[in-house]
Amino acid sequence: MTLNEVTISRAILEEQHQAIIDYLEMDAAVVGGGPSGLACAALLGEKGIKCALIEKKLSIGGGMWGGGMMFPRIVVQDEARRLLDRFGITYREFEPGYYVAKSVETVSKLTAAACDAGVEFFNLTTVEDVMIRGDGRVGGLVINWTPVDMAGLHVDPLTVACTCTVDATGHDAMVARMIERKGGRLQVKGESFMWAERAESQILDHTREVFPGLFVTGMAANAVAGECRMGPIFGGMLLSGERAADLVAERLGR
């Protein structure tokens, strides 16, 4: 066959424009493509929930790619081992209850699971505000291209509607902080010091709906609650993503 450059461009533009139009309204938007956001989105998709994952960076995976201090290995404790099995992630037992997995494989298989479940990805997309109308709920997200934000250009954003929003933006808890800054009844306490045992054991309690229509997962959940950080152990991240997906599904009546 003879390739035509304009046909290639048209294919990309038409397909992506259609995806954007299709997801101007959705059931759930997950903001942040780290481990908890990926797990949450994949499990929402498996439940038949129309879900998009919005990531400000070019790549998906958050901080998991680098493992611990650029050693591409992560640790998952026994409580979350079943999620490694569920997503087909290989691992080995290091000591009783401690399981080591490859960070690259983990990110890749979580991403593939989300794709297989029908999740739509919008990378290089920044959430710069939330939409709250008369009902007092987060009912949508204000989005723009990340390069526009990085360049400081004055370009007006667009808005997408979503029934539920999941803040999976990690340590910064960016969506929750937007609401806090604008006077919403939400306090972001900020994450505390390193204490893996405490952080991992408490994260499921912190994974919840913190403002009407807004759920927090992963390190964003701990940051809102003022909880500790835990370093390169990721069982809590996966379990928190699972809990957030269950809470969103319950809210949507699925």
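## Cores, helix packing and selected residues

The largest nonpolar core has 46 residues, and among these Val30, Leu44, Leu53 and Phe87 touch the most other members. The model described here is a predicted one. In soluble globular proteins, nonpolar side chains tend to be buried together.

When neighbours within four places in sequence are left aside, Leu53 is in contact with Val30, Gly32, Gly33, Gly37, Leu38, Ala41, Ile60, Val119, Glu120, Phe121 and Phe122. Another core, of 29 residues, lies apart from the largest one, and its members include Ala29, Phe122, Val127 and Ala221.

Two packed helices are described by the angle between their axes and the distance between the axes.

| Helix pair | Angle between axes | Distance between axes |
|---|---|---|
| H2 (residues 35-46) and H9 (residues 235-252) | about 40° | 7 Å |
| H7 (residues 196-206) and H9 | about 5° | 9 Å |

How is H2 placed relative to H9? With an angle of about 40° between them, H2 is oblique to H9. The crossing of these two helices is right-handed. On the side of H2, the contact is made by Pro35, Ser36, Ala39, Cys40, Leu43 and Leu44. On the side of H9, Met237, Leu238, Gly241, Glu242, Ala244, Ala245, Val248 and Ala249 take part.

### Individual residues

Met69 lies in the loop between strand E2 (51-54) and strand E3 (73-77). Its phi is near 50°, a positive value in a residue other than glycine. Met69 counts as exposed because its relative accessibility is 71%. Met70 is also placed in the loop between E2 and E3. Although Met70 is not a glycine, its phi is positive, at about 70°. Is Met70 buried or exposed? With a relative accessible area of 74%, Met70 is exposed.

Met174 belongs to helix H6 (residues 174-181). Its relative accessible area is 25%, so Met174 is partly exposed. Not counting residues up to four places away in sequence, Met174 touches Lys56, Asp167 and Thr169. Met174 and Trp65 are 109 residues apart along the chain, and their C-alpha atoms are separated by 21 Å.

Gly253 is found in the segment after H9. This glycine is exposed, with a relative accessible area of 66%. Between the C-alpha atoms of Gly253 and Met219 the separation is 26 Å, while along the chain these residues are 34 residues apart.

Note on methods:
Residues numbered from 1 in each chain as written. Predicted model: local features only at pLDDT ≥ 70, side-chain atom pairs only at ≥ 80, totals over all residues. Heavy atoms only, no water. Axes fitted to C-alpha atoms, helices over the stretch in contact; angles between N-to-C directions. Helix = DSSP H or I, 4+ residues; strand = E, 2+ residues; numbered from the N terminus. Parallel < 35°, antiparallel > 145°, perpendicular 65-115°, else oblique. Left-handed = near helix turned anticlockwise from the far one by under 90°. Contact = heavy atoms within 4.5 Å. Core = buried A, V, L, I, M, F, W, Y, C linked by side-chain atoms within 4.5 Å. Buried < 20%, exposed > 50% of the residue type's maximum accessible area, 1.4 Å probe, protein only.
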